[in-house]
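Please look over the sequence and the fold shown below before reading on. The notes that follow are grouped by topic, for a reader who is new to this structure.

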Amino acid sequence: ESVSAVLRTDVPLIESLPHVARSADNHPLASPELVVAIALPRRSDNQPANVPVRGVGPRAYEVRDTLQITEGRQFSAGTREINVGRLAVGRFKGLTLGSEVKFGGATWTVVGIFTAADASFESEIWGDADLMQPAFQRNGYQSLTVKLADPSMFDAFKAAVETDPRLYLQPQREQDYYMEQSRAMTTVIRVFGTFVTLILSIGAMFGAMNTMYAAVAYRTREIGTLRALGFSRMRIVTAFLAESIALALVGGLVGCVLALPVHGLSTGTTNFSSFSEVAFKFRITPALMAGGLIFSALMGAVGGLLPAIRAARIPVARALREI
């Protein structure tokens, strides 16, 4: 988006398409936008970071109906007023309600703070596109976001844009666009997370194995008694495996409880596509906790398998002589 171009003459052509939704006063729900990055100091270390600034059209808040002003009000068109995303307020200095921010050779006043259902917009600064264009010496827009009359019209809308010889634009669903933009960052986080998980999992399995070997050594006489009473080797293996899995599940449950305070905490990282800082939140969902418990049970099973097999192979006579 930061390197694309949408001409001023393209905007009315898109707005006139029948697929574009219209407001109550019959205006097309379209927002021509530009995106630039400015440097602001972080609250945590006072070091400068690139913060995305988005110049939007007057219909931006109607186009994206998930945006809500939580403090203050929406900026007024034709004024140097800005709205700031909630995560940006907590991460960068000078973005509190009522403060003045200098960028683009002008001074802008923060008049509102908004949320966007945890979308990346919460890391941005929003203002009037028509005023930000001359401030950043821009002549046109970089993207045009529209709301369709019906989501099922996207394919028809895309075909209408791509077949119009006056337009050189590529329509894309906003969700698909941001998914593609965050792919590099997501890959880095997943690779790092997988590596850490692998190392910790190996340690956990050795811990489970050590615990179960100690349990087998301590309960040798008990094992011999069970075998003398007619319990098969498979039952002995099953019993020790069940014990190992139960212990692992208890550990996994404790780990899930310890992770709960992280839920909702925000941090940030660099978006490698736009080279601007994006804040994001940690989410501990029921599905993640269930996956963690299943993974804990798997580690308990792997770690307890060899000790369980050893317990089943202990000769009955030798086991009964153990003190």
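Helix 7 and helix 10 (residues 286-313) pack with their axes 8 Å apart and at an angle of about 35°; here axes are lines fitted to C-alpha atoms, for helices over the stretch in contact, and angles run from 0 to 180 degrees between N-to-C directions. Helices (H or I, at least four residues) and strands (E, at least two) are DSSP runs, numbered from the N terminus. The model is a predicted one, in which local features need pLDDT of at least 70 and side-chain atom pairs count only at pLDDT 80 or more, while totals for chains, interfaces and linings use all residues. Residues are numbered from 1 along each chain as its sequence is written, and side-chain values use heavy atoms, with hydrogens and water left out.

**Helix 7 with helix 10**

- The crossing of helix 7 and helix 10 is right-handed; a crossing is left-handed if the near helix is turned anticlockwise from the far one by less than a right angle, and right-handed if clockwise.
- On the side of helix 7, the residues that meet helix 10 are Thr-197, Ser-201, Ala-204, Met-205, Ala-208, Met-209, Met-212, Tyr-213 and Val-216, where contact means heavy atoms within 4.5 Å.
- Helix 10 brings Phe-295, Met-299, Val-302, Gly-303, Gly-304, Leu-306, Pro-307, Arg-310 and Ala-311 to this meeting with helix 7.
- Sorted by class, the residues of the contact of helix 7 with helix 10 are 13 nonpolar, 4 polar and 1 charged; Ala, Val, Leu, Ile, Met, Phe, Trp, Tyr, Cys and Pro count as nonpolar, Asp, Glu, Lys and Arg as charged, and the others, Gly among them, as polar.

- The axes of helix 7 (residues 183-218) and helix 9 (residues 233-259) come within 11 Å and cross at roughly 135°, which makes helix 7 oblique to helix 9, since angles under 35 degrees count as roughly parallel, over 145 as roughly antiparallel, 65 to 115 as roughly perpendicular and the rest as oblique.
- The crossing of helix 7 and helix 9 is right-handed, and its contact is made by Ala-208, Thr-211, Met-212, Ala-215 and Val-216 of helix 7 together with Phe-240, Glu-243, Ser-244 and Leu-247 of helix 9.
- In the contact of helix 7 with helix 9 there are 6 nonpolar, 2 polar and 1 charged residues.
- The axes of helix 9 and helix 10 come within 6 Å and cross at roughly 150°, and the crossing of this pair is right-handed.
- The contact of helix 9 with helix 10 has 18 nonpolar, 6 polar and 2 charged residues.

- In helix 8 (residues 220-228), the residues Thr-220, Ile-223 and Gly-224 are buried; buried means under 20% relative accessible area, exposed over 50%, and partly exposed in between (1.4 Å probe, protein chains only).
- Seen down the axis of helix 8, its buried residues fall within an arc of 100°, so they line one face of the helix; the arc is that of the directions from the helix axis to the C-beta atoms.

**Positive phi in loops**

- Most residues other than glycine have a negative phi.
- Asn-46, which is not a glycine, has a positive phi of about 65°; Asn-46 is found in the loop between strand 1 (30-41) and strand 2 (48-56) and is partly exposed at 45% relative accessibility.
- Asp-118 has a positive phi near 65°; Asp-118 has its place in the loop between strand 6 (106-115) and strand 7 (125-128) and is partly exposed, with a relative accessible area of 33%.

**Single residues and their surroundings**

- Phe-103 lies in strand 5 (residues 100-103) and is buried, with a relative accessible area of 6%.
- Leaving aside neighbours within four places in sequence, Phe-103 is in contact with Ile-38, Val-53, Ile-82, Trp-108, Met-132 and Phe-136.
- Val-63, in helix 2 (residues 60-63), is buried at 9% relative accessibility, and the C-alpha atoms of Val-63 and Leu-29, 34 residues apart along the chain, are separated by 5.6 Å.
- Ile-202 is found in helix 7, and the C-alpha atoms of Ile-202 and Leu-169, 33 residues apart along the chain, are separated by 50 Å.
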